[in-house]
Every structure is written in C-alpha cells, then in structure tokens.
Amino acid sequence: MQTTDEIIKLYDDYVIPNYIRHPIVQVKGDGVYIWDANGKRYLDLFSGWAVSNLGHCHPNVVDAIQKQAALLQHAPNIYYTVPQGELAKRISVNSFGGQCFFCNSGAEANEAAIKLARIHNEDKGKFKIITMNDSFHGRTLATLTATGQPKYHKGFAPLVTGFAYAPFGDLAQVEKLVDDETCAIMLETVQGEGGINIPTMEYIKGIRELCDRNDILLILDEVQCGMGRTGKHFAYQHYGIEPDIMTLAKALGGAIAIGAMTARKEIAKSLVPGTHASTFGGNPLACAAGVAVFDTMKSENMLDNVNKMGTYLREQLDKLAKEFDIIKEVRTLGLMIGVELTIPTSDIVKKCMDAGLFVNSTHDTVIRIMPQLNVKKEHLDEGIRILKQVLQTEAQKV
Ligand SMILES: *Cc1c(COP(=O)(O)O)cnc(C)c1O
C-alpha cells in the first residue's frame, strides 16, 4: 500500500484543492472505529457529517450492497426497480405519507424541493422562498442562495432571485417577510452547520401556522437531522407538526450516495413527467442500502439507543460544563450535539484527532458530536475522556 505522503502527493497533483484536509488517509472502518494508512485507530464520534449513522460497514448494509451489486446496479428511471419502491415506502410510512423523488445528494434534494415549490405555485404567481440565517442547504446555485450564510455566497454572484432571510428562531421576522409572492418557507428542523441550533416548540408550530394561514409550503431540510439522529425517525416529529415537503440525504443510504425529497401527494403531483429528473436518482444499489438502513434501525431498536445514549452523553457533557468555564452551552437533541465554547474549536478538534478521536468544529466556536446511532456507553466514555484531557490543556491557556 502507498504511504500517507504518497497519497497526499497524488491529491496535490491531481485533486482540486477545494477542501482543507487533515493529513490522515482513512483506509478502513468498522463500527465506531476508523483506521488510517499508518494503522492508527480513531474513535469516530462524528460519523462523517452524520452519514455513517449505523457505524462503519454495518454487516446488514454490506450484505445488501453486495447482493444488489451482483444482481442489478443500474436501471434507467423509465423502468421500475424493487429497491426504489421499497425505500420510498419506508420513507413515507415513517414520516407523513408522502411520495418520494430520489436523487444523489442533499443539495439535489433541496434543489428538487425548491423547484417543486415553485412549479406547484406557478399558477398563483408565487415564487419567493424564505430561509433562515446560519442555515445550510447545499452548494448548487439555488441551494447556495437558500443557504443563509454570506461567506458561502462570496464570488458566485449573481445568485438566484426570489430568496429572503430571517434570523433562525425569530417568528416575527419571518412573518414580516411574507408577501403575496411567497411560495415556501424552508428551514432545517435542527440547524447543523449553523452550530446545532434547536428551535423551540412555539417557533416550529408558529411557522406551520404561518404557512397554513398564507397558503405557503413548509419545506423541512432533514438532510442532517433526519434518519433517527435526534431520537425520532425525523426531527419534526418532536414538534407535533408535519411539513409539506421534506428532504433527506446523508444517512439515508448507509454511506452510499443518495438524496430524497418527499412531498404530500397533492403537491408532489405538480412534478409531472418532463419537469424534473436524475439519471442516477433512486438507483437500485443506493436504494437497497437505504432499505437495509431502515430495517436495521428497526431490528436493532436504534431509536431507543439514541434516546438512552443521548441522555447519558448529555449528563457527561453537563458535568464537563460545570468543570470548564470555556464551555458556554451544551445543546443536544438525541445524538445531535453541539458544545459551544468561549474560544475557537478548530485546534481542540485537531488535538482530539491526534489523541485518536474524531469530533468536528462548526460555526467557529462549536464542537459538534454526532455518534453512530448504535454507539455504546463505553465508546462515549472513551470519547469524553479524550475530550476532557484536551479541554484541560486548552483551559489552562485561557
Ligand atoms: C450536508 C447538508 C446539505 C447538502 O448535502 P450534500 O449531500 O453535501 O449536497 C443540505 N442540507 C443540510 C442540512 C446538510 O447538512
């Protein structure tokens, strides 16, 4: 096998440098652990942006992919396949009974949602979409525009017209932006990239009512917070409301690239043949993996585990917060966790990595932790021990 330096050289020569990469070559994953090219083991409590929700290479997912790979890998969307139908059913029966469109990423799922909201409202002359500050919806031009973070917009003007932004959590500001041309309000049920921001019951219910009063579609982006991450199948289920359109991706395919938009039937029907499509969307390989994800979450009672381990980790983090003044706030919903510090977190995350732990830094001062849904107490203890050590050295510097 090539050395770490040789692999990095390949990237330097042949891969566009649009990412800041840590000098680690990941070669193998098993459950909560990852190994690099030097044989060093890492405890992964980040799950690659909440993609590897079932742990790395869960045997059920491996089995489903291997079987499907040997049976049929691609079928054009002018035919039917078993896995696409089966996955759509699982999404629908576990959410609000809608119909699905499949694509290959979160951005594409949100792009589809934006297009659907517009075409569904074309006759009414409504096209404007309200999104939230600190949101993240993807990197295609429309989803980038929807993303309420100016730093990501820089250099790509002119953006798509028809978007307006409100501070996340501020219902009155959203209400002010609504006019006769507003077709949708779009938000992450729990903000991920924005620093793990968990909205109040009043806010989410208020947004739903505002949509109902003004004939506006509610689009919930559950690309990161969906698929069991928060302790329910979908985060909106904590709030006693239903969206009109919901988008999924990250954990949906058990690490295989897939995205999905699901919409209430009477809205979904606006997407008539010819209006939208994706060559690879809903391909049998990714959908077979997705079916295995849903079925394994159920057979292994993972939502229960998320709630138990979420409570346990919350207690441990609250203890750390009492001990360290640099911890400003701990925000958790299930196993979607943000620890906000009074200092930048990128160094801390790097030190954790050196000590064999993957967590993430987001929104400058937040440590984001998103363990696998089947994580065990002993793994969390191991992670907390490393984090505590690193916080101790950092706290001394302040
Ligand atoms: C990651 C993410 C996206 C974009 O997904 P990609 O697969 O990278 O296109 C969209 N919305 C949210 C909330 C995300 O976390």
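Biologist: How many Å separate a polar side-chain atom of Lys 250 from an oxygen atom of the ligand?
Modeller: Please keep in mind that this is a predicted model. Lys 250 belongs to the set of residues that surround the ligand. Its polar side-chain atom and the ligand oxygen atom are separated by 2.7 Å.

Biologist: Which helix gives the largest share of the shell around the ligand?
Modeller: The residues around the ligand include Gly 106, Ala 107 and Asn 110. The largest share of the shell is 3 residues, and these come from helix H5 (residues 106-120).

Biologist: Is Gln 224 buried or exposed?
Modeller: Gln 224 is another residue that surrounds the ligand, and its place is in the loop between S8 and strand S9 (245-248). Its relative accessibility is 7%, and buried means under 20%, so Gln 224 counts as buried.

Biologist: With the side chain of which residue does Gln 224 make a polar contact of 2.7 Å?
Modeller: Setting aside neighbours within four places in sequence, Gln 224 has contacts that include Trp 49, Glu 193, Lys 250 and Arg 368. Its side chain makes a polar contact with the side chain of Glu 193 at 2.9 Å. The polar contact at 2.7 Å is with the side chain of Arg 368.

Biologist: What is the relative accessible area of Asn 360?
Modeller: You can find Asn 360 in strand S14 (residues 360-362). Leaving out residues up to four places away in sequence, Asn 360 touches Phe 46, Trp 49, Val 349, Val 366, Ile 367 and Arg 368. Asn 360 is buried, and its relative accessible area is 8%.

Biologist: Why is strand S11 largely enclosed by the rest of the structure?
Modeller: Strand S11 runs over residues 327-333 and has 7 residues. The strand is largely enclosed because the number of its residues that are buried is 5.

Biologist: Which residue in the turn of the hairpin of S11 and S12 has a positive phi?
Modeller: S11 pairs with strand S12 (residues 336-341) in the antiparallel sense, over 6 bridges. Within this pairing, Glu 329 has Glu 340 as its bridge partner. The hairpin leaves 2 residues between the strands, and the turn residue with a positive phi, about 60°, is Gly 334.

Biologist: What span is expected for helix H9 at 1.5 Å a residue?
Modeller: Helix H9 covers residues 201-214, which is 14 residues. From its first C-alpha to its last it reaches 20 Å, close to the expected 20 Å.

Biologist: Against which strands and helix do the buried residues of H9 pack?
Modeller: The buried residues of H9 include Tyr 203, Ile 207 and Leu 210. Their packing partners are strand S5 (128-132), helix H8 (171-177), strand S7 (182-188) and strand S8 (217-221).

Biologist: Which strands are the edge strands, each pairing on one side only?
Modeller: The open sheet has 4 strands in the order S1-S2-S3-S13, with mixed pairing. Its edge strands are strand S1 (26-30) and strand S13 (357-358).

Biologist: In S2, what is the bridge partner of Asp 30?
Modeller: S1 and strand S2 (residues 33-36) pair over 4 bridges in the antiparallel sense. Across that pairing, the partner of Asp 30 is Tyr 33.

Biologist: By how many Å are the C-alpha atoms of Gly 97 and Thr 262 separated?
Modeller: Gly 97 lies in the loop between helix H4 (82-94) and strand S4 (99-103). Along the chain, Gly 97 and Thr 262 are 165 residues apart. Their C-alpha atoms, though, are separated by 8.8 Å.

Key
Residues are numbered from 1 along each chain as its sequence is written. This is a predicted model: local features need pLDDT of at least 70, side-chain atom pairs count only at pLDDT 80 or more; totals for chains, interfaces and linings use all residues. Side-chain values use heavy atoms; hydrogens and water are left out. Buried means under 20% relative accessible area, exposed over 50%, partly exposed in between (1.4 Å probe, protein chains only). Two strands pair if DSSP finds at least two bridges between them. The expected span of a helix is 1.5 Å times one less than its number of residues. Contact means heavy atoms within 4.5 Å. A residue is near a molecule or strand if one of its heavy atoms lies within 4 Å of it. A polar contact is a pair of N or O atoms within 3.5 Å; within protein, one must be able to donate a hydrogen and the other to accept it, and residues adjacent in sequence count only if both atoms are side-chain atoms.
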